[in-house]
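These are notes on a two-chain model, written as numbered points. Please read them alongside the coordinates.

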Amino acid sequence: MSTHLPVLQVVVPLLAAPVCALIRNARAAAVIAVLASWATLAIALSLLGDVMSAGVISYALGDWVPPIGIEYRVDIVNAWVLVIVSTIASAVAPYMITSVEDEVERRRIPLFYAAYLLCLCGLLGITVTGDVFNVFVFLEISSLSAYALIAMGTRRRALTAAFRYLVMGSVGATFIVIGIGLLYVMTGSLNMADLAVLLPEVWDSRTVKVAYGFLGVGFCLKLALFPLHLWLPNAYAFAPSAVTAFMASTATKVAVYMLLRFFLTIFGAPFSFGVMALDRVLLPLALVAIVSMSLVAIFQVDVKRLLAYSSVAQIGYMVLGLSFASVTGLTATLLHLFNHALMKGALFMAMGCVVYRIGSVHIDAMAGLGKRMPWTMAAFVLGGLSLVGVPLTVGFVSKWFLILGALERGWWPVAVIVLLASVLALVYVWRVVEAAYFRPYEGDEGVGVEAPWRLLVPTWALVGANLYFGINAVRTAQVAERAAEVLMTGVGP
Amino acid sequence: MLGLSLAVPVVGAGLILLLRRNPNAREAASLVTAGALFAIVLRVYAAVSEGGRPSLVLAEPIPGLPLALEAEPLGVLFALIASFLWIVTTMYSIGYMRGHHEKNQTRFYLFFAFAIASVMGVAFAGNLFTLFVFYEVLSLTTFPLVTHAGTEKAKRAGRVYLGILFTTSIALQLLAIVWTYAITGTLDFQDGGILNGEAAGAVVPILLGLYVFGIGKAAVMPFHRWLPAAMVAPTPVSALLHAVAVVKAGVFAVLKVTVYVFGIDFLGAEGASVWLMWVAAATIILGSLVAFTKDNLKARLAYSTVSQLSYVVLGAMLANSWGVIGSGMHIAMHAFGKITLFFCAGAIMVAAHKSEVSQLGGLGRRMPVTFAAFFIGTLSIVGLPPTGGSWSKWFLGVGSLEAGQVGLVAVLMVSSLLSLAYLMEIPLKGFFGKADGQAGGHGGHADHGSADAHDDHGHAPAILRWSMAAIVTTSVACVILFVYPEPFYRLMSMVAGP
């Protein structure tokens, strides 16, 4: 059984999805979705444990030997990302039960869970596979289901937001498949480990460089790197709350993983940093993303949009770590994948609680909620502090490594910009805090009461994780550092 | 013991919350906690003065960066002052908060206790990271105290307060800390400094500047605006937090960084701190000049604090043993002097409803004890015998001469004269000035004030007796410290023996 764990990681949600669609019962579908999500977490944790102790796991799908057949290849890097995705799924799935009942049309709920499970399956598939075409297949699975999930938002504008995402996402996916095709033309292989061996021979060819460019643009669209982020704010703002919490903490993270996997494992760090100057391309984009998007976030009045812009800024941090082209920088990137998932998950879930009770997350509608919904707003405050990077929260840990990476390169202006951006984050978090705690409540008496525990427990589980991994980051930092070393040194034996 | 010093105030906070229905029990819990904390700090003092360095690791958030406590002489000095003055301030608060009919008193005592716990964390921090953590926690826990009144003005002040303190600490101080870590690979406080021999050239003055400005609580200009803004808080908060705990946490951090991160020998040899000496000197003079222009009593005291804090910074920047000793002594002496002045300002506000200096004429004849205490506090701030303040001024002067900076001695003298002028105006006006006719104040509280204003002390409501006891304690302490500065001097010479 345990030898099949890599494929089970994908098969469990893939099989659960049609069951949900066929069962046509909202409650039963919810239970299946929760159980499937928890199962993926158990599998991911056990994979991470195996990889930490025993090294790379290679699984030949259908016993077709790679590079002919599809290989699922788990090393410490994707085991880590699997844990991130499935952790968030495990926290969001129980939250969905209550939140989705409120926000999605009842007859569509089983289909909603089917789409959610397909999305989860796609994200896990992208991560676990060792075959580049397989990446594209899973990318399409996760994207198509994501468009459907976003379109189920309560407001009509969710449809345009989903359509816009669909257009941009398809352009991105097309770029990626063109890049993969060019690689195949040059090497005759689709297996990642195989490609990594074959590619250095054809480094000089223009086709490889063009493939690199197509892939780069495609990934940056998917991970919403400034200025290719335009699809993200509306998609996050108008999707159902639970979907926003799930997507914001997983989809972009997996896209960052794809970028790292293709550019560092397949092309290799020497090619990316030496020949293509990836670091010098990404550094200015990341810095502009961090500063400009934090500034834009300050002026948002819809708190979900505010957090969405903050996400674009935070993606800047992850890309910034990559642009340092060092183990410390990559450690920061990989840590921030996890840490940002925890904080944004918690924040969007807290906003979901607010939507559940008062139906809006306009900053004026949140006035006085500090007293009316103390647990929800306390979760928001703690998540917000983590976003700012206050010590003893996870946000501080990733910021620490990021600044350390910048100073290692001697780039102290970068360190200053990162720190000033934290102050900007403080400003936009503070605007919400001030509305919630310092302004009187203006809504109806019966409406703004504390959210039900079914929403609060999953939210606080993530808040707790924010604090726990902020106070004790030894393990997470260890895993991230080892993963960063794997990425920098290329494919292992 | 170190763990207890953090745990006791937190447990005290829990008790305060439990006893919120019964104000007398709640205040008793506050007092008992304060007393217990002081007893614990005394035991730490005993251990440290015998050469011990008790330490404790709380957690390890990032590999190689533990959240750790370690007691060393400088920290003990700060902890002693803060915990002792917490007892006194609690006594004072009982009188003031009730006499002034403040709302939300439980929240007040609760966050006061949390703030003291974070001060203990700052005092006993074993490395820069821990110091930074508790420094930030202190900003957060004092925020509800600053905005206590809940008015629009208080909220605005709160925004300035957190804005400046967070911005400087995140943008400058944290940068300096990570930079230090990138250079040395450690953040532990060590005798002789961790940067000694690791860094050289232009990095050192820049890094030191990042620390001095990044520690916004030290209120070095131009990052001093938060301190006058914070004066909207109730007077006990201004007294303990903004004359002792918060601002002293700032200058304490500066001193600690100077001594244990850079090392004074290293700084002296590099000459890296000279430019900051003059920044501090400018703050000293400008702070005094601004204080002159303020008619509001608390605002005048706030700018006086801005000026006086830079004495401590100056002493640290002198980078020799006399400077550091003077600096540490000034943390203690200014604490006792300034808290006395704030206590008096609060008593005047509660008993006579006066907050402006120009209204104080003749009030001293009705409130002789308060104004006498104010006189003693003034002497200590100015640095005249027979008060403790004269010692720290003396050592700072010696340190300036040893650093070869005669100009700084002149700055010290001029600023002493300035502070003499703007502070002495108050007791002089009180005792010899003309009353402005309508004694007993005005407005809604007028009859209440005058009805209570003539019982046994001749000038204050009965509940203010607690406050009067506090005022007498700290002003007497100012005098005692002139005769017996020994404990503080000994601790400081353990830090930087001449």
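Which side chains meet in a salt bridge?

1. Arg159(B) and Glu434(A) do, at 2.8 Å from N to O. A salt bridge here is a side-chain nitrogen of Lys or Arg within 4 Å of a carboxyl oxygen of Asp or Glu. The rule finds 1 such bridge across the interface of chain A and chain B.

2. Conventions: this is a predicted model, in which local features need pLDDT of at least 70 and side-chain atom pairs count only at pLDDT 80 or more, while totals for chains, interfaces and linings use all residues. Residues are numbered from 1 along each chain as its sequence is written, chains are lettered from A in the order in which they are written, and side-chain values use heavy atoms, with hydrogens and water left out.

3. Extent of the interface: chain A contributes 26 residues to the contact and chain B 28 residues, contact meaning heavy atoms within 4.5 Å. About 2500 Å² is buried between the two chains, 88% of it on carbon and sulfur atoms. Buried area is the accessible area (1.4 Å probe) that two parts lose on being put together, summed over both. In chain A, the most area is lost to chain B by Trp400(A), Leu419(A) and Phe438(A), which together make up 24% of what that side buries.

4. Polar pairs and the chain A side: between the chains, 1 residue pair is in polar contact, with both residues at pLDDT 80 or more. A polar contact is a pair of N or O atoms within 3.5 Å; within protein, one must be able to donate a hydrogen and the other to accept it, and residues adjacent in sequence count only if both atoms are side-chain atoms. Four chain A helices, α17 (394-408), α18 (412-438), α19 (453-471) and α20 (474-489), each supply at least two residues of the side that touches chain B. The largest share, 10 residues, comes from α18(A). Helices are DSSP runs (H or I, at least four residues), numbered from the N terminus.

5. Backbone points to check: the peptide bond from Phe226(A) to Pro227(A) is cis, with omega near 0 degrees. Pro227(A) sits in the loop between α8 (206-222) and α9 (232-238) of chain A. In chain B, a cis peptide bond joins Pro385(B) and Pro386(B), with omega about 5 degrees; Pro386(B) is in the loop between α15 (368-382) and α16 (389-402). Ala219(B), a residue other than glycine, has a positive phi near 55 degrees.
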